[in-house]
Protein chains: 2
Amino acid sequence: MASFARSVPKVSPAVARASARVAVPSRKYATAAAAAAATATNGTEPSLFHNEPAGPVIRTQIPGPQTKPAIDRLEKVFDTRSLNMMADYRASSGNYIADLDGNVLLDVYAQIASIPVGYNNATLLKAATSPEMASAIINRPALGNFPQHDWAEILETGILKVAPKGCNQVFTGQSGSDANELAFKAAFMWKRQQQRGGAHVEFTEEEMLSSMNNAQPGAPNFSILSFKSGFHGRMFGSLSTTRSKPIHKLDIPAFDWPQAPFPMCKYPLDQYAAENAAEEKRCLEETERLLTTYHNPPAAIIIEPVQSEGGDNHASPAFFRGLREITKKHDILMIVDEVQTGVGATGKFWAHEHWDLPTPPDMVTFSKKAQTAGYYFGNNELRPNKPYRQFNTWMGDPARAILFRAIIEEIEALNLVENTAITGDYLYQGLEQLQQKYPNEIQSLRGKGQGTFIAWDSPRRDEVLAKAKTIGINIGGSGAAAVRLRPMLIFQRHHADILLEGLEKIFKA
Amino acid sequence: MASFARSVPKVSPAVARASARVAVPSRKYATAAAAAAATATNGTEPSLFHNEPAGPVIRTQIPGPQTKPAIDRLEKVFDTRSLNMMADYRASSGNYIADLDGNVLLDVYAQIASIPVGYNNATLLKAATSPEMASAIINRPALGNFPQHDWAEILETGILKVAPKGCNQVFTGQSGSDANELAFKAAFMWKRQQQRGGAHVEFTEEEMLSSMNNAQPGAPNFSILSFKSGFHGRMFGSLSTTRSKPIHKLDIPAFDWPQAPFPMCKYPLDQYAAENAAEEKRCLEETERLLTTYHNPPAAIIIEPVQSEGGDNHASPAFFRGLREITKKHDILMIVDEVQTGVGATGKFWAHEHWDLPTPPDMVTFSKKAQTAGYYFGNNELRPNKPYRQFNTWMGDPARAILFRAIIEEIEALNLVENTAITGDYLYQGLEQLQQKYPNEIQSLRGKGQGTFIAWDSPRRDEVLAKAKTIGINIGGSGAAAVRLRPMLIFQRHHADILLEGLEKIFKA
């Protein structure tokens, strides 16, 4: 067990500086190893969130008596069949989500991985109540035609301050699905321009006429290659690349676009390195075959660093480097979908930083924790050759871009990417211990070294998620059997302890 | 000329009540008729917006010396080739948009028809600075899973308070394109459910497997029928129904969906009633033929009450009643796209209220002036038979729904729909006079009785728009040759006078 304690990284000076905020005693996960690890910070850990509840509070069943009539009222006007919990955000704080019945849950689902720095975060509140935000809300511009005077400044000090390596421009959007579709459009225009012989070549009369009839050559038969189990959104273009579950796709017309196999790796990845490498090689070969032979030629591939909605599937950095190599070789763009993985959750700001790519992705899409959306790019050729080709009324939203700037500020001030890497390692080790004790409950544990982006398979997943709620923990699932942890960036060891203790309670019962 | 003055409706008591706000003298359009009309309100008119500039101010060329470097800076990180004017929203007010050089323009384009009640509107500012708004911004929920406790209340007192007749539910989204695609998805699921034999019939194994391969029967070959010159957005599904201009569609793969002819009416509509009726009959027949014979069967039609982006094309109420009849007859849904026409601009809250339909549209989509988006519906069968079929992470945005509620409040308090009907009639009559004087400059004037939703064709459209800017008026175009007026709902006679005087100045020169 001593090796466990040694492997837990120390809290960095930057995180320790946050001790100006209220320090709460760590509720240590009750094992000797964890206790030893906690001792490294003297048994307490500076809290990254002021005035957070000390732990979950469960007063009633969920939904409780105050909530039930509110749900009935909502059901009359808005579909509530996917309702998980009706929340009272006024009473929610940091990692804790509250409801009208006074129940307070540790939230490791965080609005499907989209809350970055805690409910009612003070830094965000400051930004949200600034005159700048008020103006952005009430004077929403059509950014392509009438951008506000400080739009460059908002981008430079916000969205672009954290641009992935190799990217220095952005096209902003409103959701992950939107971001991906905009990237697809950029890819298609780029590919046809290349085929046509360059940006200076004018469209033919035939292209213009046929485009209006949704027919070739104006509307080309190009495709986007995606991967089995991938999820990229639910609009018509993005849904055509989504391959997560039938319920997402049934009855919706889709484009005839190719899907490559995503490696079905065994976990932990390092323990099955040789087997996994062979599986990844198989997938790379099939990807290359599809890229070069599919009847609707791919202009780009899109891939998530960790397939999230589709079941938290991981692959090795070597696999992604292989994809970069193949796409470069065949002059096909590589779009990395960081909608769920981006903004710190994997212990790097962008998950693809784990890969050590020889050349950057062509486009990186983002949303969720960024609270805004869009695609980053660096190559000027990805700007279409004429204005109004990539265009829409709002083209993003300055209000949400201002919010992302505040989120970045908070991440930097509290060193939250590092915090997530450290807390993730601690949590993963705690889960490994639970796995040893309850090998049937935790299968294929995955996400080692990927911050808090951790998941495992459970033979009784839905029951575990439901029981977690009864003991004050809000957890989500993904794929067919995965328990998916997607806490915020302010998730710390004492929260991990509560989660681990709670899971053990469920497994023991 | 006396008939002109008589035909101008009187300002209603509700509008007159707004005189608590600062009353500014009307800058009358300099014709005897207009002067006579203005006399009806004693030469002054209560201003609907407090502290609005008295008129345009032009200090420099646009862009001026302060703005140019700001554009250069923005261009490095964001495509500015479609930039029309870089705005300073801090200095903009009511109907007037300002820039960094101190230029102040009367804005009858209003962010592509999306600003409803003026820049820096006080009622909106109050909503934007409320604690409720701050919470909505910093605690953004995944509305399908964790809606906030007062989501029903926000909907009932806002979006649904103005629901079109026959609609009592809403599915919220984030943009017009999003709203239309969500409506398409609802239509496809409804149609397949019907074909399958009802909501209780389970999906077959074959459907589930084929859906994952984007193939039939799981991904059906259904279509949405749209109309030539229509515009419904620029994502992959919505763009497949958009038929405005090649530049919107070139190089983007599209679904093989049918387009029906939209009536090419002659204006004014009433003057060519017989000819137009014949043209509409032809279009209805061709629509019915496509609905019943197209190889990819339509689940729905989508149509704008006035084709906006495609050139401001009007048709008669009888045409739309005919469409409702045909769609009912063949059990195909009718989606009315009120993204640009909705929220008062045509002198009714929803433009389709002009039609006197025998049964309501199946879905009505909205965005732009609503500052939020979604589709209204009334038929419970349009809720798919299982949860998570119509779903995405955010499913709209409470912050923008709260803003729409404030917009509705302002519209009701100031009776802005009526104001728009009255001002529109006044403006239209002024334009008719200009047309008589400059018949070559104003051709096919259209939008009579449609509030301020007015347009005409100009043989030198782009030149007129450019010149308008130099004299302090911001106007947009649509289609190939149309000058499109799309002022805010607080646009009044004294603004119309400035516009009419400005146009005459351009025509005279």
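## Phe146(B) and its contacts

Skip the neighbours within four places in sequence, and Phe146(B) is in contact with Asn84(A), Met85(A), Ala87(A), Tyr89(A), Ile97(A), Tyr109(A), Gln111(A), Asn474(A) and Pro141(B). Contact here means heavy atoms within 4.5 Å. Phe146(B) is found in chain B, in the loop that runs between α7 (131-138) and α8 (151-157). Helices are DSSP runs of H or I with at least four residues, strands are E runs of at least two, and both are numbered from the N terminus.

With a relative accessible area of 0%, Phe146(B) is buried. The cut-offs for that are under 20% relative accessible area for buried and over 50% for exposed, with partly exposed in between (1.4 Å probe, protein chains only). As for Asn440(B), 294 residues from Phe146(B) along the chain, the two C-alpha atoms are separated by 58 Å.

## About the model

This is a predicted model, where local features need pLDDT of at least 70 and side-chain atom pairs count only at pLDDT 80 or more, while totals for chains, interfaces and linings use all residues. Residues are numbered from 1 along each chain as its sequence is written, chains are lettered from A and ligands numbered from 1 in the order in which they are written, and side-chain values use heavy atoms, leaving out hydrogens and water.

## Chain A as a whole

Chain A has 18 helices and 16 strands. Its radius of gyration is 23 Å, close to the 23 Å from the globule rule for 509 residues, so chain A is as compact as a globular protein of that length. (The radius is taken over C-alpha atoms, and the rule is 2.2 Å times the number of residues to the power 0.38.) The C-alpha trace of chain A spans about 70 × 55 × 50 Å along its principal axes.

Of the 509 residues of chain A, 67% count as buried. Take the contacts in chain A with a separation of 6 or more: residues 24 or more positions apart account for 73% of them.

## Helix α17 of chain A

In α17 (residues 461-470) of chain A, the buried residues are Arg461(A), Val464(A), Leu465(A), Ala468(A) and Lys469(A). They sit on the same side of α17(A), because they cover an arc of only 140° around the axis; the arc is that of the directions from the helix axis to the C-beta atoms. Over on the other side of α17(A), Asp462(A) and Thr470(A) are exposed.

What do the buried residues of α17(A) pack against? They pack against β4 (104-107), β14 (473-474), β15 (476-478), β16 (482-485) and α18 (493-508) of chain A. Just after α17(A) comes Gly472(A), with a positive phi of about 90°.
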